[in-house]
Amino acid sequence: MSKTIGMSFFLAATALTGVSGTAAAQEAVGDEIIITALKRDTNLQDTPISISAITGDAISNSGVQSIADLNSSVPSLTFVDGGPSQRRVVIRGIQAAGEPTVGTYYDETPVTGVIGAGNDAGGSTPELRLFDVERVEVLRGPQGTLYGSGSMGGTLRVIYKKPTNEFDAAIDTSLSATKHGGANFEASGMVNVPIATDKLAMRATGFYRKADGYIDNTTLRIKDINEQKYYGGRLLLRATPTDDLTIDAAYYMNRARTDTPSWTLEAGKYNSDALTRQPIRDDVDLFSLTAAYDFGGVVLTAAGSYMERDISTVSDVSRFIRSTRTAAGCGARLNGSPAIPCAGTQLTDYYALVDSQSTSALFPQQNMEAWTGEIRLSSDGTGPLNWTIGGFFSDRDIHVENPQVNADPVTGAIIYPLEIATSRYINDSLRQVAAFGEVSYDVTDRLNLTAGVRYFRYDKDINGETTKGSILVGAVVRPLSFVSSDEDGTAFKFNASYKITDDVLFYAEASQGFRPGGANQVIGLAQELTPYQSDSLWNYEAGLKTTLLDRKLTLNMDVFQIDWSDMQISTRTPNGAFAYIGNAGSARIRGFELEGSLRPVEGLSISGNLAYLDAKLTEDQPNAGTSIAPAAGFDGDRIPFVPKFTAGLSAQYVWGLAEGLNGFLRMDANHVGGSWSDFRPSYVFTRYIDDYEIANLRIGVEAEDNAWGVYAFVNNLFDDTAITRSTSNAIAQNRTLVNSVAPRTVGLNFRANF
């Protein structure tokens, strides 16, 4: 898309200042949306926090498939996009390595990623399919009191439709083709069956998706290398033995198979020059049980879950290994200095070692088991005094096997049985407990005051060993060793709101967020670099929620400042081979957000959103400019992967074609501003990520009662090469590895309700 078109879209989004959190969430803008973000039922427009709620209808109409597709619908919601199974959720620019900065919930269950080789659990958020969804709630700003650690930037909650006491069924299927690739097919289905009248019902969903790739590996001569395959589903049971007791049991399954969707900028658009295949396998199984009992004015809720995730990835390190095949490289590794190069037999033997690993990859395989539980008491929201108190615990264990293995130099495939060059094992345990409470009081019929507090404690224990070393990457054999860390503390929230009129609500809030610290798993790392502390922040904001023009227009806005202390960052060992986490200096994020919706005439709804973020360091990082962390930032540097401007715009029009038949037209578009991949723009491995605009179009016919619909769609209408992530490092040998939005995709979609 041209810059002129992009600027026109940006100005239009600014003028409309709306978001699917209100209007696009439903056809009738003035209809109420009931949310449970405060862990009790409240009306969206009467809830004095920054929150967007996207209904299931809006998700279906826009073609959204996973949480990664929601960024155009919610202000300040972005993703550091490493591709499927490798995405980091970011709200309001709170972006950093380590534990998640955004809490992600599927129903009552908090989920997290796996730690990987760099202790970065926040970089691999599980993405379950958004089919048969009641709504998605996105809470912006820290939610430390009610949602705890991992919610310092905000919380994203997916609420699925629950079983009902009526038979119901639905299908949604699409066939499409992607430019530079081939055919794609996907299908989802749902069936709801009452088992015992008014007592027990079951709801089952299933999905399958196979998408042809569009990235060619020019080195291995393999076309469409990033083919994707997903399948899974959900099984939900709801029991209502009495009118006051509801019990929900659920099983969620998600399977993903693909090759890395990264390509190499220097090799040409959608071309990869990787020397090995880099497959990704991600298996998620999630079990949950929730019970709610209404005592009459007080509701007791207990929720528990068990999640298991098995994930393996492959990262090509061949060029890094081959780069060491010099006399100076041998001298650095065997003689302690590149100035003392190897010669003779010493050099010959060294070259033979390098050649034996010249086509190889890191092959981390991880297994995670996580238990969570929460019990809480809440008022039902009917009186002037409303409150919630509760307790929470989680116990997460991750086992990592991280070998460097050889691959076939012709096909690029990992060689079996594994030919292991280096090997290390890590066991990581994180246990958290918390007690929390929040109380809200209507001082008058217009003034409300809210306060909340959470006490937390975490314990983290890590043990690991390097069983096979390699001088090429600096991996030294280490015996089994143990490190641990623990911390406790409190997080607070204060909120005041005032209804200026029945349709205009003003609020102001100060709230705190935090993340656990821990210990690095890099075996042999210097003792002073092994532990890292928790980081925390204070958020100060004021906002306005309005419903105008006889409830045809909603317009919400807020301004905020976030003061972030001891932020955790990822850096690398001097040879660039291993990542670890340390605490940096302070940062400050200032911004504003606009959202709203307009229904000017019957059948037409327009919505959009706009966010501005000024996310910068406010002091030099402790090791800025040193050989240990050459990209560490200075006062004034922007936080990586945080664009200054983001905007979203959608328009939907439904009109009568004939009796019982409607026409349907919808466009969704978003703008994402540019950002840097690291703090220091001058650092050799820092890359600039250009701004981009993406537009999607859908047109079709549907039954007036929504019993069925047939739609033609075009995603990435203008075929923009929209790069979402750009990185480089010593392993990549200064090449630029990028991820991008899929090229233009054209298809047909059919859906029906029975």
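**Stop one: a cis proline**

Select P417, which sits in the loop between β24 (404-406) and β25 (420-442); strands here are DSSP runs of E, at least two residues long, numbered from the N terminus. Now look at the peptide bond from Y416 to P417: it's cis, with omega near -10°. Most peptide bonds are trans.

A quick note before moving on: this is a predicted model, where local features need pLDDT of at least 70, side-chain atom pairs count only at pLDDT 80 or more, and totals for chains, interfaces and linings use all residues. Residues are numbered from 1 along each chain as its sequence is written, and side-chain values use heavy atoms, leaving out hydrogens and water.

**Stop two: two aspartates with positive phi**

Go to D132, in the loop between β7 (109-111) and β8 (133-140). Its phi is near 60°. Is D132 buried or exposed? D132 is buried, because its relative accessible area is 10% (buried means under 20%, exposed over 50%, partly exposed in between, with a 1.4 Å probe and protein chains only).

Next, pick D566, in the loop between β32 (553-565) and β33 (568-572). D566 has a positive phi too, of about 55°, but is partly exposed at 42% relative accessible area.

Select β16 (263-264) and β43 (723-727), the edge strands of an open, antiparallel sheet of 3 strands ordered β16-β44-β43. Strands pair if DSSP finds at least two bridges between them; β16 and β44 (residues 737-740) have 2. Zoom in on W263 to find its bridge partner in β44, V738.

Conventions. Helix = DSSP H or I, 4+ residues; strand = E, 2+ residues; numbered from the N terminus.
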